[in-house]
Structures are given as structure tokens and as C-alpha cells.
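Here is a short report on one protein chain. Look over the sequence and the model before reading on.

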Amino acid sequence: MKKNKIPKALVLALALLTLAPSSSARAQSENPPVYNSSEVDSSEVDKAQSEVDRLEKEVEKAKDDLDLAKKDLDQAKADQEKADSKLSDANEKYEAAKKSEEEANRKLKEALDKQAEASDEVIDILEEQNTQREAQAALDAAKAEFTDAKEDQAKKQAEAKQAEANFIKATADYSDAWEALAAANDYLEEVKSDHDKQVEEIKKNIVDSEAKIEDLNKKIDEKDPAKYTDSKKDADLKEKDQSLGNVEEDYIEKSQNHTDAIIDLNNAKSQILSKESERQKLEEETKEATEKWHEIYTKLKNGDPSVSEEDEAKAYKEQREIEERNKEKITSLNEEIDQLIKDLPAKEEKVDQTAKALQEVFRTMTDKSEEYYGSEEGKNVIKDIANGDITKENYEEKLGEAEKAIDDAFAESEEALEAWEKAQEDYKNAVDQAEFDKKKYEENIRYYQDLIDKDNGYWKESDIEGFKQTVDYYKGLLEKVNEPVEKAQKDLDDAEARSYKASENLARAEARLNALDDAEKAFDDIENIKAEKEKLQKDLKEAIEKLAEDQKALEEAAADLKDAEDMVDKVKNMIDESKADLDKTQKALEDAYRNKKEAEKKVKEAQSEVDRLEKVLAGNSTSPEDLAKAKEKLAAAKDEAKNAKEALEKAKEDTAKAKKDLDDAQAEKNKADQNLKEAQDKKDQANQNLIDKQDQLLDAKDKLNLAKAKKSIADLADSAKDIDDEDVKNAVSKAKDVLANPSATIDEINNLRNELIDAIAKAKDKPSEPQTPDLDSKYKKDVLDKIKSLDNLTGKEKDDFAKRIDAAKTKEEVDDLYKEALELNSSREKTHSEENKPSKKDDSSDLASDLIYVPHGYKYVKEGFYHRSDLDYIYNNLKKAIEDNEVYTRAIKLLFEYTPNTVKNVRSELEKLLEESLILQKEGKDALLELEKILGY
């Protein structure tokens, strides 16, 4: 059975995407390139032939392995037949031995039954004789037991009476304990009533004392000189603190707005420089492509053999593509640069506005700081007086220190303000310098990179290496160009913080001096406060002593209540003990009654046994002769049983030997079966290996034939490239397309080869025709439209070219005029104004209306022109292939889940197929997304 193949539908649809763009949709070229047979690697044929030779050897080896496996299988089958025969014989012997053992076992059972019957007869006689003797002894024992039972009955009756007396006493004790509990509870209720009243009064006194203590502590705290303050000043300080906090938050916001405006302005300038650099690079690329084409065109015109018309057409095509592509990009860049430059004044104005707003809020913050610190220092001076830091003796000295602090703070504030202004100027200079340096570094990088890229052998290798090092050097400088700006920004922030701190210190110093001027009144106030505090502390001490007395009385009342509760608990314990004694005596009484009944029962049973034994002695009678006959019968039965037992042992030995022979035969049979299975597996494996190798050989021969066919048609197409015949060219073009298609079959290639041979034969039989192609008005119009789209020609020059093209008689004359116009256009350095430029027409306007150009950058669709209908066809086929493949993968998963045994021999192949299908599905879906984006679905 041949291995399963991967579904081809998805592979084929994916392969369609790798095709080159349709020849009808390519950018126009007057001379389409001739297919070169060297594109077909001739070594592919040799490789394919080598692979065929190798696989033929492996197929022969696989055949030899299969023959050897078949021989081993035949030998295993013969061994299995011998083992089957031996097992059958052993089984027959074992069954016969089992039957003999069963017969011996039956005879032994009959003999044992006779022996048992005789033995029972002897035993019955002996038992009857023995019963008479035992009955007499039992009668004597029963009479003695009856006497003992009567005595025990009397003892148990006395014990029951004593248990009754003990139960009555325990019941009385239990009742007395409950009476004691009632008395204890009454006493507890009386104690509780007195305790609750006393506790309520004491707790009220405690609450009053604690409230008084709290009030005194509060008054003492208020009279603390260290906490002396002015409520009006406190409220004023709180209000100024809130106002200052609001202004500081506003300052932070305005500072951030100013920073953001500066960054936004610098980013806009940086974008302008970057886009101007990008525009210059595109213009240089266009100029370089034009110079390259002009060089080839000039060489071709001068008859230089190193270039051909194909080279010139290719260079011209590339020049037009680059020019059209870059022109659109340059236009877009110009619009973006103009917009950025237009936005610059607004951004610069925003920087000025945010700077003014920041200065205004800074002045407001300075004013608010002075107000806040004036109020705060007024409060601090009073605290210093209360703490003893400022006294009447050192008051003048403190005034002098405050005046000196003002002078120092003022000098520091002036210095910090100058530093801040200088930091602002340094930051602006750093930004301007960074912009200048960035532009200079980028120009130097482009200059040296052009020397490297455009080198045609003029420079030495050491020079080129030096240019590269120079480029790396300027790139390093470009990466660090903004570091001075960042440092200047940090210095500006530090200078701003220092200026604000200096202003804050000056405000504090001035507030301190003003507060000291108003502080003399506070000295007398604080002395009065200290005297009031001492009196309040004395009252507090007395209140604390009263609280301690009340708390002690509360503890004593709690102790009295505890004693009453302990008495109740003690009586409850007495009740528990009495109840336990009552339960114990009740159980003893119940046991005594039960023992009394048992004793009475034993007396009755002993009396019944005496009566029964007397009856037995009266009814028994047997003779010695009966006993002798029974013993003789028993001896004969024993001899018969002995002989049957010996026969059974012999039969068991025979059966065991037969069973061992059967087990040995079965083991040999199992081994033969295993050997046969292994031989069959080896034969199947060798057979499958041969099939696989044959499949590989067939695939390799197909590839070899395909490679030979490709080589053949490639050589034929190469030999026909110089034949100027339309049918031959069409056949060569088809050959190129089919060779470029990796999924082309050998039949398609051979059919095209025959078609190409027929076309060559017919071309050779055709008469010679004039080489000058027909010239129609449409071709002249297309060329004239292209000339009118050139930027550097004047209107008069374009009109002149129009007249000359109209007068041209051949296609060659029209082509020469077009190349002359291109040469004139590329030689011009001056750019005409926009109003002199005629409107452009798309070079591909003569193509089909459904033409789509796919740019570079897609993974599954190559760059080029495509017909929409072709892409729609590919999209639909690919989508259908993915859906079919998803059905295959679901089917494989269902096989794994519901029929694992059915597919176990091909599970590995199915797992590989499943894995490959999932990969293809993912790639196919990615390709669908690309096609949907291209087609606008």
C-alpha cells in the first residue's frame, strides 16, 4: 500500500502566489528581455540522475532483505506446525490422566462412606454404654449443684434487702442538698442587691473623678507656656499655608507647560531637519539613476560594445521608476516640511506665553511665601520665648542676628537670580547649538557615505576604510548631540530651585525680624500662664487620690459578691456528689434484684436436670456381642478404604506428569507463535520498506525526467532567442513562464517544447519581411505624452518635439526623438516653476483598467503589476484549498479520537500530515490577509 500524500490543493494555491507578475502587466519596455537558458541549472539533471542511481541500489537491497525475511517466515511456520502437533498429543494424555484420577477418587469416596457407616454403628453402641455410666455420675453432680444453688439463693436475698436500705438513705441525702442550694441562692440574691447599689454609686464617683481629671489635664495643657499661641494668628497661618500651597501647585503646572512647549518646539525643528535630509537623499537617488541611464545611453549612442539596447532599456526603466516613486515621496515631504515651518511661529509664541505665565506665577508665589513665613515666624518667636530660647536678657542679641540673616539672605537671593537668568540663556544657546551640530553631522555623514557608495575604484581601500571610520565618528557625535541640551535643562532646573529657595530664606529672615519687634508683650503673658498652671496641677493631684479610693471600694464590693457566688457553687457540687451516690445505690439495688432472680432460676434448672437424669438411667440397655460384630465390620471397611486411597495417589502422580508435559508443550507453542509473529513483522517491514523505496525511486525518476525536460526546453528557447518571429517569441515567453512555475508538469513542458519546435520550423520557412515595424498614431501619441511629462523642458521645446514626432516615418525615428528629449531633460539643472509644468499622465494608462501594482514588502506576493482577475482567481482558489485542508485535519483528529486501533499502523504518517497541514493553513491564511489588503476586500 502506497503512503498517503499531503493534500495538493493548498500547496498548489500557495505556489500560485510565488509566480512573477503577469507579462502583460509589467512596466512597459520597447524590447522585452530574451530568456536565458543559463537560468536553468544544468547540475539539477546530474543531481536527479545521481539520486535515481542511489535509490535503484537501495531498491535492490530492499528486495534482498524481503527474500531473507520470507525464508525466516517459512521456517517459523514449520516450527509452529510441529509445536501444534506436540501440544495436541500432550493435551490428549492429560485428559486421559484426569479421567483416571476422577475414577480413583470416586472409588475412594465409596470406601470411605462404608468405613464411616461402620464406625457410626460402633460409636452408637459405645455411646449408649457410656451414657449409662455418665448419667449416674451426672445425677450425683446435679444433686450437689441443686444444694449449692439453694444456698446461693438465700445469700442473694439478703444482699437485695441491704441494697434497698442504702437507696433510701441516698434519696434522703439528695433532697437535703437541694434545700441547702435554695438557701445559698437566697443569700446570693441579697448580696447582689446590695452590691449593685454600691457599685452604681462608686462608678458614678469614678466617672466624675475621671471627667474632672481630664478637664484639669486639658486646662494644664492649655496653660503650657511651650504651647502658648494666638488663635487669630493660628487661623491666619492656616489660611496663608493653603494659599501658598495652591500657588505652588499652579507654579508646578506652569513650569511643566513651559517645558512641554520648549520640547514641542525643539521636536518640530528636529523633524524639519530630518525630513529635509530625507528629501535630499531622495533627490540624490533620482539624480544618480538619471546619470547612470545617461551614461549607458551615451555609450550605446557612441557604439560602445560593453552595453546593449537591453541594458539601456533596463536602465531607463529603472530611472523612470525611481523618478516617479521619489517624486511622490518628495512632494509629500515638501508638504510636511511646509506644514511644520508654518506651525513654528505658533509653537514659538506658545513658548513665550508659557514663559510669561511662569514668571507671573513665580512672582505671586514669592509674595505668598513672604506672607506665610511672616505669620509662621510670629508663632515661632512666641514658642522660643515660652521655651526660654529668647529672654529679656538676650533679646537685643537676637535682633542683631535676625538683621544679619536678612543681609545674608538678600545677597544669596541676588546671586541665585543672576544664576537662573544665565542658566536660561545657556539652555537656549545649547538648543541652538544642538540643532546646528545635528545638521552639520548629518551633512558630513551623507558626504562621506556618498564617497563610499559611489566609489568606482578611484579611492584606495584604506581611503574607503577611513571614510567609514569618519561616518561612524559623526554617527557617534549625532547620538550624543542632545547631551549638552539635557545638561543645560538640568542646570536650569537646579538654578530655578536655588532661586526659589533663596527667595524663601529671605522671606523667612524678614518675617523673623518683624516677629521679634512685636514679641515684648509675650514675656508677661507667659509668666501669668505658669502661675495658673501650678494651681491646676495641685487640683489634679487631689482628684487622682479620690479616684484611687473609689476604685478600691469597687474592688471590695466585687470580693463580697465573689464569696456569695463561691458558696452557691459549693452547694451545687454537694448536689452533684449526692446525685452520684443516689445513682450508685440505685444501680446496686438493680444488680441485687437481678442476682436474686438468677439464683432462683439456677435452683429450678438444677431440679430439672436431676429429674431428667433419673429418667435416662431407667431406659438404657445394650449387649457385648453387638459391639464385637460392629468392630469386625469396621476393620473390613478400613482395609477397603486404604486400597482405594493408594490407587488415588497413583492416579494423581500420573495426572501431574501429564500436566507438566502439557505446560511444556504449551510453552513451546507460545514461543513458536512469537517467532512466527516476529518473522511476519520483519517480512511486512521489509515489504513496506521496498514499497517506500520504489515510491522514492518513482518520484526521483519523475524529477529526473522533469529536469531533463526543463533543460531541453531551456536550451531550445536559448537557441531561438535571435529568431525574429512573433510565434517563436510567444512560444519562448510561454516556455519562460512554465519554467518559472514550480508546479509545472512534464506534460506541459513537453507540449510547449513541441509547440516551440513547430514555431521555429515555420519561422524558417517564412519569407523575409521588412524589419521596420508599422508606425501608428497611438504609438506617437504615447511617446509624445511621455515627453510632455518631463519637468525640465520648456513649452516651446515640447511643441518642437511634437512637430518632429508627427513628421517621423518610422518607429526608430520616434524612439530617437524620445531619447533625445530624455537626454535634454536630464542635463538641465534648473527646475522650472510649477505653473510651466504640464499635467502628467500615467505611463501605464494604456494597460487594462483592472491593473494593480503590488509594491515591495509583502511576504507571499512579489512586487510588480497584476491583473485583478488573476489575483481574484488566486484568492478564491487559496480560500477553497484552506477550507478543504481544514476538513482533512478535522477528519484526522476524529480518527485519532474514535478509531485509534484502526489507524495505529499509520499514526506517525498521519501525525506528520496533520502537522504539515496546520503549518500550511497558517501560511495560507496569512497570504489571504495580504491578498485582502491588496484587493481592498
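Which residues does N266 touch, not counting residues up to four places away in sequence? N266 touches Y427, V431 and E435. The model is a predicted one. N266 sits in helix α3, residues 231-301. Is N266 buried or exposed? Its relative accessibility is 17%, and the cut-off for buried is under 20%, so N266 counts as buried.

Now the chain as a whole. It holds 16 helices and two strands. Of its 937 residues, 32% count as buried. The accessible surface comes to about 60,400 Å². Carbon and sulfur atoms contribute 49% of that surface. Among contacts with a separation of 6 or more, 88% join residues 24 or more positions apart.

Next, helix α13. This helix has 13 residues, 795-807. At 1.5 Å a residue it should span 18 Å, and its end C-alpha atoms lie 19 Å apart, so the two values agree. K798, F801 and I805 are buried in α13. They cover an arc of only 60° around the axis, so they lie on the same side of α13. The general rule is that an α-helix has 3.6 residues a turn, so residues three or four places apart point the same way. On the other side of α13, K796, K803, D806 and A807 are exposed.

The table gives the residue ranges.

| Helix | Residues |
|---|---|
| α13 | residues 795-807 |

Conventions
Residues numbered from 1 in each chain as written. Predicted model: local features only at pLDDT ≥ 70, side-chain atom pairs only at ≥ 80, totals over all residues. Heavy atoms only, no water. Helix = DSSP H or I, 4+ residues; strand = E, 2+ residues; numbered from the N terminus. Expected span 1.5 Å × (residues − 1). Buried < 20%, exposed > 50% of the residue type's maximum accessible area, 1.4 Å probe, protein only. Arc of directions from axis to C-beta. Contact = heavy atoms within 4.5 Å. Areas by Shrake-Rupley, 256 points an atom, 1.4 Å probe, with all protein chains shown as cover.
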